[in-house]
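Student: Please take a close look at a single part of this structure, the ligand and its surroundings. I am new to it and would like one connected account.

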Amino acid sequence: MVVGAAMDDLSEDDFRGRAKDSVTKFSRTQPVDEEVLKSFLGNLFYVPCKFDDAEAFKRLKSRLDELENQRHTGGNAVFYCAVPPPVYPQLVTQLGACGLAREERGYRRIIIEKPFGTDLKSARELNTQLQKVFREDNVYRIDHYLGKETVQNIMVFRFANSIFEPVWNCNFVDSIQITVGEELGVEGRGGYYDQAGALRDIVQNHALQLVTLTAMEPPVAFDATSVRDEKVKVLRAVRPLEVSEMAAHTVRGQYAGGFVLGQEVPGYRQEPSVKPDSETETFAAVKFQVDNWRWAGVPFYVRSGKRMPKRVTEIRVQFKRPPHLTFGREQIRETQPNALVLRIQPEEGISLKFSAKVPSGGIRLRTVNMDFLYLSSFVADAPDAYERLLVDCMLGDPTLFTRSDEVEQAWTFVDAIEASWRDGKPPLETYKAGTWGPKGADRLLEVDARRWAVP
Ligand code: BG6
């Protein structure tokens with residue numbers, strides 16, 4: 001059963017009507033089974049609730065108590081909160097004050113949507129606030145990337161196979177590239193996005209989560225403590241960027257008008273609810289080192305942007321060149337060193353790129369792909385990231401949620417970059433919508449004699 005609580009003054013019928021429209025439009029099983037939908041809608045309830053109104057929270061509590069008696073929920077409740085970051089402290093206080101967080105009978109868990117705070121200070125304050133009301137193991141900080149099958153598969157790929165792990169280190173790996181690109185713009189979320197920008201919206205959470213899973217040591221067990229302990233160690237090993245390095249190690253860009261997938265689209269500053277002189281970045285790229293034994297000297301290049309040529313999230317593990325050019329420079333002109341590409345989305349899968357001999361009389365090499373595609377190997381449809389995560393929360397398994405120390409460590413890294421950007425270093429560049437970001441993004445790698453791989 002779901003009890004909606006929001007500022008809108010809706011009746012339960014209005015709420016069910018809205019839910020019906022959305023399920024009919026967005027459900028991934030189409031056409032929707034009318035019987036299932038009817039039974040689902042019968043389990044929806046609604047209580048209008050302004051976040052500054054203590055009486056409204058008391059009404060919410062009475063409604064939950066009433067439904068608990070009718071439906072024998074055992075007092076279990078998950079509070080799933082998708083509100084703007086500044087509202088969380090007040091919301092959590094209200095839940096505590098009216099007794100909704102007290103575990104008198106069943107469990108009381110809270111799910112906090114990203115972004116968790118807007119910087120280290122606000123994230124710490126929110127953590128302190130939450131810990132006054134909920135036990136840490138009842139706090140579920142959601143990052144929907146962790147609910148994606150392909151993201152969880154990074155750990156399976158690395159730790160359930162014996163042939164990749166021996167080469168997964170600085171002896172064999174040249175560099176790591178992570179791309180989180182979207183062809184979308186801000187899609188009516190200009191108000192939120194203009195305060196956030198690509199660094200806070202994606203890099204601080206989704207992209208750094210991909211970094212942790214790629215770089216972590218094998219956990220001793222697949223449980224919440226062991227997995228999250230290893231992830232946080234990676235974030236602690238990320239070398240903080242010095243102020244003097246910001247211009248050479250970070251790039252920020254904002255899209256101007258252009259064409260994406262054949263459609264003309266406006267520039268960022270022309271988007272609704274965006275300030276016409278906004279300095280917010282819609283593209284961010286960062287290069288950094290993970291200072292530990294495994295990754296010493298291996299640069300990590302991370303980029304994320306809106307209005308890229310296409311939607312693509314991938315991790316590219318770029319291996320070193322063979323130590324000796326046995327076949328001669330001319331013969332290997334068309335071949336690249338090995339790379340392993342974990343395609344998070346779309347075309348979910350994994351490719352291993354290696355050299356093969358072009359069939360002909362002489363010796364000529366070319367790079368070919370060995371491909372694994374989820375679609376062709378597995379027939380079952382993967383659950384949506386949120387389906388998986390909401391069920392995990394109900395089951396009390398926080399493995400795929402971020403812990404407070406992870407979030408704070410990620411903010412520590414990102415805050416230093418934000419501070420430098422606010423200071424104008426490096427300056428904001430522009431890029432045409434429908435391209436892979438500003439020129440600076442290419443320079444970031446060119447100075448290291450590398451290039452972004454075309455996804
Ligand atoms: C969200 C960001 O967390 O992730 C959005 O706030 C972004 O700006 C979205 O569009 C991307 O998610 P996905 O699953 O489409 O890659």
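Tutor: What follows goes from the domains to the ligand and then to the interface.

This is a predicted model, in which local features need pLDDT of at least 70 and side-chain atom pairs count only at pLDDT 80 or more, while totals for chains, interfaces and linings use all residues. Residues are numbered from 1 along each chain as its sequence is written, and side-chain values use heavy atoms, with hydrogens and water left out.

The protein chain is assigned domain 1 (2–145) and domain 2 (148–380 + 403–446); such bounds come from an automatic or database domain assignment. The C-alpha centres of domain 1 and domain 2 are 33 Å apart. Because domain 1 and domain 2 both give residues to the shell around the ligand, the ligand lies between them.

The residues around the ligand are Lys114, His144, Tyr145, Lys148, Glu182, Arg189, Asp201, His206, Lys306, Arg311 and Gln345, where a residue is near if one of its heavy atoms lies within 4 Å. This shell divides into 1 nonpolar, 3 polar and 7 charged residues. In that count Ala, Val, Leu, Ile, Met, Phe, Trp, Tyr, Cys and Pro are nonpolar, Asp, Glu, Lys and Arg are charged, and the others, Gly among them, are polar.

An oxygen atom of the ligand lies 2.7 Å from a polar side-chain atom of Lys114. For Tyr145 the corresponding distance to a ligand oxygen atom is 2.6 Å, and for Arg189 it is 2.8 Å. Taken alone, the ligand exposes 400 Å², and the protein buries 81% of that; accessible areas come from the Shrake-Rupley method with a 1.4 Å probe.

Lys114 also forms a salt bridge with Asp201, with the closest N and O atoms 3.1 Å apart. A salt bridge here is a side-chain nitrogen of Lys or Arg within 4 Å of a carboxyl oxygen of Asp or Glu. Across the interface of domain 1 and domain 2 the rule finds 2 salt bridges.

At this interface, 16 residues of domain 1 are in contact (heavy atoms within 4.5 Å) with 19 residues of domain 2. The buried area, meaning the accessible area (1.4 Å probe) that two parts lose on being put together, summed over both, is about 1,600 Å² between the domains, with 57% given by carbon and sulfur atoms. Lys114, Leu120 and Tyr145 supply 44% of the area that domain 1 buries against domain 2, more than any other three residues.

Technical notes. Polar contact = N/O pair within 3.5 Å; in protein donor to acceptor, adjacent residues only side chain to side chain.
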